[in-house]
Amino acid sequence: MDMNTIEAMVRTTDPAEWRDGDAWLAGGTVLFSYGSYAFGPEPLRRLLDLGSAGWPAITVTDGGIELAATCTVAELYALPDSPQVAGRAGEWPALDLIRPCCDSFVASFKVWNMSTVGGNLCTSLPAGPMISLCAGLDGTATILGPGGASRELPVVGFVTGDGQNVLAPGELLRSIRLPAPALSERVAFRRLSLSNLGRSGVLLVGRLDAGMQLTLTVTAATKRPVQLRFTRLPDSAELKHGLDEAIPGSLYHDDIHGLPAWRRDMTYRLAEEIRGELAAPDGVRPGPGSALPLAVSGDFWPPERHAARTTTTPQKDTRA
């Protein structure tokens with residue numbers, strides 16, 4: 001979309017340069033789609049371009065993974081095969097969540113090569129899959145403010161509602177840190193949409209640590225991320241009670257991609273599937289003939305898509 005109200009493009013990463021009528025520009029896939037009135041009745045006048053920030057897209061240390069806000073979806077998708085995490089697949093099984101979450105964009109390779117992790121968080125849509133990934137892995141967001149100010153907060157609390165987050169005017173999301181302890185846990189992934197290759201209506205991430213403590217993160221179904229922590233693996237009744245307590249009916253999202261009642265029912269169903277999968281011995285799945293490798297899969301992507309390791313540019317799946 002043409003943004004004919006823009007008067008200047010400023011290359012900066014300094015929040016002190018922000019003023020009314022500005023917007024931070026990273027990949028721009030949402031900004032240019034929404035146009036000059038993306039953030040209210042007053043038009044945008046300047047774009048503060050992060051393209052020359054020079055932030056390393058992904059930094060891997062023994063303490064975990066840091067994703068720059070400017071890291072693209074394509075760069076993140078390539079991480080599991082990269083030398084940066086070579087030899088860590090067994091140490092960090094939660095790396096298996098990266099590609100299903102990237103696939104949940106259901107976007108073309110053109111979008112994947114421009115859209116950024118930080119942009120997805122800051123857009124703050126319920127179905128934002130980078131929100132699902134980062135919240136599900138106990139990510140911590142670093143936020144820059146004017147005058148060298150900086151603050152950190154959990155990603156699960158970063159998004160506060162549909163299109164809403166904690167950023168004050170001028171603040172800039174710098175990075176998201178995914179800690180090694182969360183990456184080291186067993187994981188399970190479930191996603192549903194009302195149509196094949198549709199926007200996520202429900203997306204759940206489950207993690208189980210060595211002490212059998214379950215962390216369940218609900219996104220897409222709710223207006224903001226909801227995270228439940230159980231000190232031990234719950235049974236079905238305890239899981240249902242936990243969901244009842246954590247998610248009031250008013251918190252379920254309502255739009256063309258799913259009614260609240262459907263989202264609620266599917267949240268309970270997928271949560272139970274995750275509980276059952278993580279309750280099984282490591283490396284097998286529950287159910288008839290279930291001696292199958294533990295896998296992370298979604299509702300329409302075949303398991304082999306995630307199991308396959310490829311370095312080619314991600315492409316959109318066009319199958320009906």
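Tutor: Let's start with a term we'll need later: a contact means heavy atoms within 4.5 Å. This is a predicted model, so local features need pLDDT of at least 70 and side-chain atom pairs count only at pLDDT 80 or more, while totals for chains, interfaces and linings use all residues. Residues are numbered from 1 along each chain as its sequence is written, and side-chain values use heavy atoms, with hydrogens and water left out.

Student: Happy to begin! How many helices and strands are there in the protein chain?

Tutor: Helices (H or I, at least four residues) and strands (E, at least two) are DSSP runs, numbered from the N terminus. Counted that way, the protein chain has 10 helices and 14 strands.

Student: What percentage of contacts in the protein chain between residues at least 6 apart in sequence join residues at least 24 apart?

Tutor: Start with burial, where buried means under 20% relative accessible area, exposed over 50%, and partly exposed in between (1.4 Å probe, protein chains only). Of the 320 residues in the protein chain, 51% are buried. As for those contacts between residues at least 6 apart, the share joining residues at least 24 apart is 63%.

Student: How many disulfides are there, and how far from Cys101 is the nearest cysteine sulfur?

Tutor: A disulfide is a pair of cysteine sulfur atoms within 2.5 Å, and by that rule the count is 0. Cys101 is in no disulfide, and the nearest cysteine sulfur, that of Cys102, lies at 7.2 Å.

Student: Is Cys102 buried or exposed?

Tutor: Cys102 is likewise in no disulfide. With a relative accessibility of 0%, Cys102 counts as buried.

Student: Turning to β3, which residue is the bridge partner of Ala23?

Tutor: Two strands pair if DSSP finds at least two bridges between them. Strand β1 (residues 8–11) pairs with β3 in the parallel sense over 4 bridges, with Arg11 opposite Asp49. Strand β2 (residues 22–25) also pairs with β3 in the parallel sense over 4 bridges, and there the partner of Ala23 is Leu47.

Student: Which residues of β3 point the other way from Arg46 and Leu48?

Tutor: Strand β3 spans residues 46–49, and all four of these side chains are buried. Arg46 and Leu48 point one way, and on the other side are Leu47 and Asp49.

Student: Around the axis of α8, what arc do the buried residues cover?

Tutor: In α8 (residues 236–246), the buried residues are Leu239, Gly242 and Leu243. They lie on the same side of α8 because their arc, taken from the directions from the helix axis to the C-beta atoms, is only 95°.

Student: What covers the buried residues of α8?

Tutor: The face turned away from the buried side carries exposed Ala237 and Glu245. The cover over the buried residues includes β13 (214–219), β14 (226–230) and α9.

Student: Is Thr267 buried or exposed?

Tutor: Thr267 lies in helix α9 (residues 260–279). Leaving out residues up to four places away in sequence, Thr267 touches Val202, Leu204, Val218, Ala221, Leu243 and Tyr252. Its relative accessibility is 0%, so Thr267 counts as buried.

Student: Last one: just after α6, which residue takes a positive phi?

Tutor: Helix α6 (residues 129–136) is mostly covered, with 8 of its 8 residues buried. Among them are Met130, Ile131, Leu133 and Cys134. Just after α6, a positive phi of about 55° is taken by Asp138.
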